Amino acid sequence: MRNPFAKPEPSIKRRKNPEGEYAHLDTAELLDAVKKSAHSDHRADLDILLNVFLDRYQARQQELDDINHHLETRIQDEVNLREANHKLYEQQAKMAAMGEMMDAVAHQWKQPLNALSLISDMLQGDFSSGSVDQAYIDEFTQDTHQQIDHMVTTLNEFRTFFRPKSTEESFGIKRCIQSVLILVNDEFMQKGISIHIQSEKEILIRGIENEFKHLVLNIINNSKDAFEERKIKQRDIYINFYTDDTHINLEIEDTAGGIPKEVIHNIFKPEVTTKPEGKGTGIGLYMSMQIAQKLGGSLYVVNSDKGARFLLEILINKGSF
Ligand SMILES: Nc1ncnc2c1ncn2[C@@H]1O[C@H](COP(=O)(O)OP(=O)(O)OP(=O)(O)O)[C@@H](O)[C@H]1O
Ligand SMILES: [Mg+2]
């Protein structure tokens, strides 16, 4: 039954197609329209306004999804590119090291080869003059073996250096540095460079031995280049390693005058070099930093009053053994 005392329902007026009125409004204006219509005869417009909002929200959501998808693809592309670049750098660094090692081995072999050729020439002359007896032959055999041993050691070091090995193991810093020096010794000596290992006590670290050798080689080869480029007279490289409470430290310092100011803050980035094309690619120290990080450490450089001082710092509980 109809209640005669009940207030009549306020009539909600529906207007014809008011949507068009709202379509061009911006968000603030729309909100304003919501407020107004909530208190007016136009309450029927509320659901229309809500639809306008919803449509806009969905359109925005779609735009955002598209942007996100686009960004994800771009990030993935970027990651792929970086990985490809890193592999390329690794390959280039290996080739460069191999080239430098070949030079070192050539130097290393030159002297024993000369000696062998000299003693075999002498053998011929001494045989003709009749002075070849058992004692002569014994000495001859000993001399030739000594020279050949030197060549074989170099060759073995060279081969193990480039034998791909990806397993981590524990190795001694000192022994590793010494085996790098076996390879470069003659070349460095010929260029008047003395390397002084100042620490006595062996320290073990954990990682890939050849990579560590590569890091040391990169640093001392840079010193060699700086000595040569700048025609430095006093050519020394000091190597020091020690542990403190938290870290294993390896310091390599030269007397070549230091890193040029314009590159010192960027030398661990790829392709930063002051060397002419064909002489340097700027990858050596970038690779060295990657190796340092794999060892659970980091690489730093400062210029001292003599030259460049590199510090490899490895956190003890991560990198040590
Ligand atoms: N001991 C050093 N003394 C002076 N400058 C150095 C020394 N070590 C590095 N640098 C500077 O840092 C730059 C970057 O060294 P890095 O080993 O990364 O590249 P590179 O030696 O130029 O080229 P690559 O190692 O790829 O052959 C060098 O070009 C040089 O300017
Ligand atoms: Mg270099």
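Predicted model: local features only at pLDDT ≥ 70, side-chain atom pairs only at ≥ 80, totals over all residues.
The domain assignment divides the chain into domain 1, residues 19-82, and domain 2, residues 165-321. Taken over C-alpha atoms, the centres of domain 1 and domain 2 are separated by 58 Å.

In soluble globular proteins, nonpolar side chains tend to be buried together. The largest nonpolar core of the model comprises 44 residues. Within this core, Val 216, Ile 220, Ile 252 and Ala 292 have the most contacts. At least two core residues are supplied by each of helix H3 (45-128), helix H5 (173-190), helix H6, strand E4 (236-243), strand E5 (247-254), helix H7 and strand E7 (308-315). Helix H6 provides the largest share, with eight residues. When neighbours within four places in sequence are left aside, Ile 220 is in contact with Val 184, Ile 237 and Ile 252.

Ligand 1 is surrounded by 23 residues, of which Asn 222, Thr 273, Gly 280, Gly 284 and Leu 285 are the closest. The elements contributing two or more residues to this shell are helix H6 (209-229) and helix H7 (284-294). Helix H6 gives the most, with four residues. By residue class, the shell around ligand 1 consists of 12 nonpolar, nine polar and two charged residues.

Key:
Residues numbered from 1 in each chain as written. Chains lettered and ligands numbered in written order. Near = placed C-beta within 6 Å. Nonpolar A, V, L, I, M, F, W, Y, C, P; charged D, E, K, R; others polar. Core = buried A, V, L, I, M, F, W, Y, C linked by C-beta atoms within 7 Å. Buried ≥ 20, exposed ≤ 12 C-beta atoms within 10 Å, placed from the backbone. Contact = placed C-beta atoms within 7 Å. Domains from an automatic or database assignment.
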